[in-house]
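Trainee: I have a new model on my screen. Can you show me how to read it, feature by feature?
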Amino acid sequence: MRPHPRISVLLHRRAACAATALLLLLACVMLASACFGQTYVPPDEVYRTLRGEAGPYDLIVGELRVPRIALGTLVGAALGVSGALVQTVTRNPLASPDVIGVGHGAAAATVLALATGAVSSPGAMPAVSVVGGLAAAALVYALAWRRGMQPSRFVLTGVGIGVALSAIVQLYLADSELDAAEQVKLWLTGSLNGRGWEQAGPLAAVLLLSLPALVWASRAVRPLGLDTDTAAALGVRVDRARLGLTVLGVVLAATATGAAGPIGFVALTAPQLARRLTRTPQLPLVTSALTGAVVLVGADLAARMLLPPLEIPVGALTALVGGPYLLWLLGREPRGARRPS
């Protein structure tokens, strides 16, 4: 497409159709999540509440469900894009921000802050988890660097660091008081319950500030889908591009983890589902974001509806569904997948 003589945009028709369909599906899932629950709210009442008109469902829709849906959409989109970036860098469909230690680093930083008394209020936990996730990913990158960053070494180093950080969390849970352990356990499962605009605001700001970097990333992922020598021959500074994509993916994943806790398998599954929908040679960022949002909002709706009046933490449900998906992915070579270089 050439909207201007000096501007040209490469548009993949199937990817555009898939993104449009996912956007419509996301709208339907968001509406269903606003309507269904322990109390059913008709769609016209949801619309009135969104318009600001007073009604009997202002508390349920306006203060409980809509902020939760907005946060779920933002967290799912951030995890979907983050997973696509990490899998592009590692050239491994089994990689995700969790693999390189982001979730484990966030959890370890949170429990260490609680254990040392540096954090006493739950409101400070998101900021601590973001710092922990970024620090863990930086440590993994530094240890994996050997005159360049090899994707396979990067993944293996992340697995090792993640195991060590997970041990720190388990030690804290074993020796801490019951109330503190329950608080950490609830956060570790990943949940949207009790969260809303306070957590969605910082995440939305990070996503908006990341838009220029995401535009660059959408162009950078194309040559990185090739082997290292070919990408370098095309003039791409491979190590710098990988570092930039990794930093961007880690920032998005750490911020999403700080907002809702570690929610597993969304960052792993969303990019691969998006790639199968679009059939593009590289992982599509926009479609990955929409897929992640649909998966997380839909999973949160299912978590609220399965065992009423109890609410299953959405992280537990995504892990329950993501486990079989991971086994299926291990047993099947994805179409068009490449081996890590």
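Trainee: Which residues in α1 meet α12, and which residues of α12 do they meet?

Mentor: Keep in mind that this is a predicted model. To read a helix contact, list the residues on both sides. On the α1 side they are R14, A15, A18 and L22. On the α12 side they are R276, L277 and T278. By class, this contact has four nonpolar, one polar and two charged residues.

Trainee: How are α1 and α12 oriented, at what angle and with what distance between their axes?

Mentor: Read the angle and the axis distance together. Helix α1 spans residues 13-35, and it packs against α12 at an angle of about 125°. Their axes are 8 Å apart. Angles from 65 to 115 degrees count as roughly perpendicular and those over 145 as roughly antiparallel. The pair α1 and α12 is therefore oblique.

Trainee: Let me step back. How many helices and strands does the chain have?

Mentor: Count the elements before you judge any contact. There are 14 helices and zero strands in the chain. Of its 341 residues, 48% count as buried. The accessible surface is about 16900 Å², and 65% of that belongs to carbon and sulfur atoms.

Trainee: What share of the contacts joins residues 24 or more positions apart?

Mentor: Look at sequence separation. Among contacts with a separation of 6 or more, 74% are between residues 24 or more positions apart.

Trainee: Take one residue, then. Is G76 buried or exposed?

Mentor: G76 has 0%, so G76 is buried. It lies in helix α3, residues 58-90. Leaving out residues up to four places away in sequence, G76 touches V266, A289, G292, A293 and L296.

Trainee: What does L85 touch?

Mentor: Skip residues up to four places away in sequence. L85 then touches A217, V221, L245, L248, G249 and L285.

Note on methods. Residues numbered from 1 in each chain as written. Predicted model: local features only at pLDDT ≥ 70, side-chain atom pairs only at ≥ 80, totals over all residues. Heavy atoms only, no water. Helix = DSSP H or I, 4+ residues; strand = E, 2+ residues; numbered from the N terminus. Buried < 20%, exposed > 50% of the residue type's maximum accessible area, 1.4 Å probe, protein only. Contact = heavy atoms within 4.5 Å. Areas by Shrake-Rupley, 256 points an atom, 1.4 Å probe, with all protein chains shown as cover. Axes fitted to C-alpha atoms, helices over the stretch in contact; angles between N-to-C directions. Parallel < 35°, antiparallel > 145°, perpendicular 65-115°, else oblique. Nonpolar A, V, L, I, M, F, W, Y, C, P; charged D, E, K, R; others polar.
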